[in-house]
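Here are some notes on how the two chains meet, written for someone opening this structure for the first time. Please read them with the model in view.

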There are 2 protein chains.
Amino acid sequence: MTEQKATNVTWHEHAVTSEERAKLKGHKGAVLWFTGLSGCGKSTVANAVDRLLHDRGVHTYVLDGDNVRMGLNKNLGFSPEDRTENIRRIGEVGKLFADSGTIVTTAFISPYREDRDAVRALFEDGQFIEIYVNASLETCESRDPKGLYKKARAGEIKGFTGIDAPYEAPESGELELDSDSNGIEELANQVIAHLEAKGFLSA
Amino acid sequence: MTEQKATNVTWHEHAVTSEERAKLKGHKGAVLWFTGLSGCGKSTVANAVDRLLHDRGVHTYVLDGDNVRMGLNKNLGFSPEDRTENIRRIGEVGKLFADSGTIVTTAFISPYREDRDAVRALFEDGQFIEIYVNASLETCESRDPKGLYKKARAGEIKGFTGIDAPYEAPESGELELDSDSNGIEELANQVIAHLEAKGFLSA
């Protein structure tokens, strides 16, 4: 390493590249973007996929409500503008993780197609994998793991996706999972099979 | 893996833990928070440290102006409120990376002590390493790699740190680097020595 006189200029050339980071990890970075109604199982499937990948030695991370809505995005609510900004920030953080060589899974309702497409546009071809966890509203409402649908039906929560706020299903996503008629293990394995087929786990 | 009937509940138990992520990487996550005046060399030193760590097989990442101000924080300016939000978001993203087992370096002026302390409070003891790259204003202004001091002196940039906006130096940071009288290589090695002494590179 040689001393630089003009700081902040030449050293950018010496910065570690995305390719070098990917080489150290043994795989390229990517984002697995799970989307779907509340209660569709996206967080559950995302964590199951993360577990399967981690156990294979893949460097992964999960961005979900717990670590994002209470941290980075704690100054955002659920208005349409705030939902858009919420997804924008998560997309940008996903891009940083992917750039670091990490396979990051995100599990957010992300109801607006335009917002998801804006995130997709941040990534190189093939690096953004949109996974629609498709469960009918009836299924989600019958599960209602957090009691949110009940509150939304009672008018205690306003702007709840699927009740009085829209959910725009992906039209050309990479993968659609049928969460009405499959268990978590089956759905997680479908995601792994997709990643294998696309060469993400070839290293 | 057993099928879950109540989704979104029990699977959180199966989520990969921070400890498991650190084990896969061979080291714990941390943030190396470089702070100092524009032109003090913090981005240069941060990238040199990142290079040295990467070449030792450490899983690292750099958050700096290039990938943050143009992405995640592109909707923020340089008002005091925006600077605070800028640092808050970077701190939260640093926390996510550290949680993933990554040693992340950040290189931002981060002029306000209160803002840096708020970031510190996000981390476990010892996980936040504040590194003051101390160069005198005279040194920074004579380097002026981006011509910003000249513009600030000419009144073309308002609220420029060190000229007409304050810089509050760390009072109890983990490490202070003398950038007036040392080259990049020496400063980067001082950081590595600190990390070794604190056991971050023991794996």
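1. Across the interface of chain B and chain A, 18 residue pairs are in polar contact, both residues being at pLDDT 80 or more; a polar contact is a pair of N or O atoms within 3.5 Å, where within protein one must be able to donate a hydrogen and the other to accept it, and residues adjacent in sequence count only if both atoms are side-chain atoms.

2. This is a predicted model, in which local features need pLDDT of at least 70 and side-chain atom pairs count only at pLDDT 80 or more, while totals for chains, interfaces and linings use all residues. Residues are numbered from 1 along each chain as its sequence is written, chains are lettered from A and ligands numbered from 1 in the order in which they are written, and side-chain values use heavy atoms, with hydrogens and water left out.

3. Six salt bridges are counted between chain B and chain A, each a side-chain nitrogen of Lys or Arg within 4 Å of a carboxyl oxygen of Asp or Glu. One of the pairs meeting this rule is R21(B) with D50(A), whose closest N and O atoms are 2.8 Å apart.

4. The contact, meaning heavy atoms within 4.5 Å, takes 53 residues from chain B and 53 residues from chain A. Between them the chains bury about 5100 Å², 59% of it on carbon and sulfur atoms; this is the accessible area (1.4 Å probe) that two parts lose on being put together, summed over both.

5. Chain B is superposed on chain A by a rotation of 180° with 0.0 Å of shift along its axis (RMSD 0.0 Å), by least squares on the C-alpha atoms of residues with pLDDT of at least 70 in both. That is the relation of a two-fold axis, and in chain B the C-alpha nearest the axis belongs to V93(B), 3.6 Å from it.
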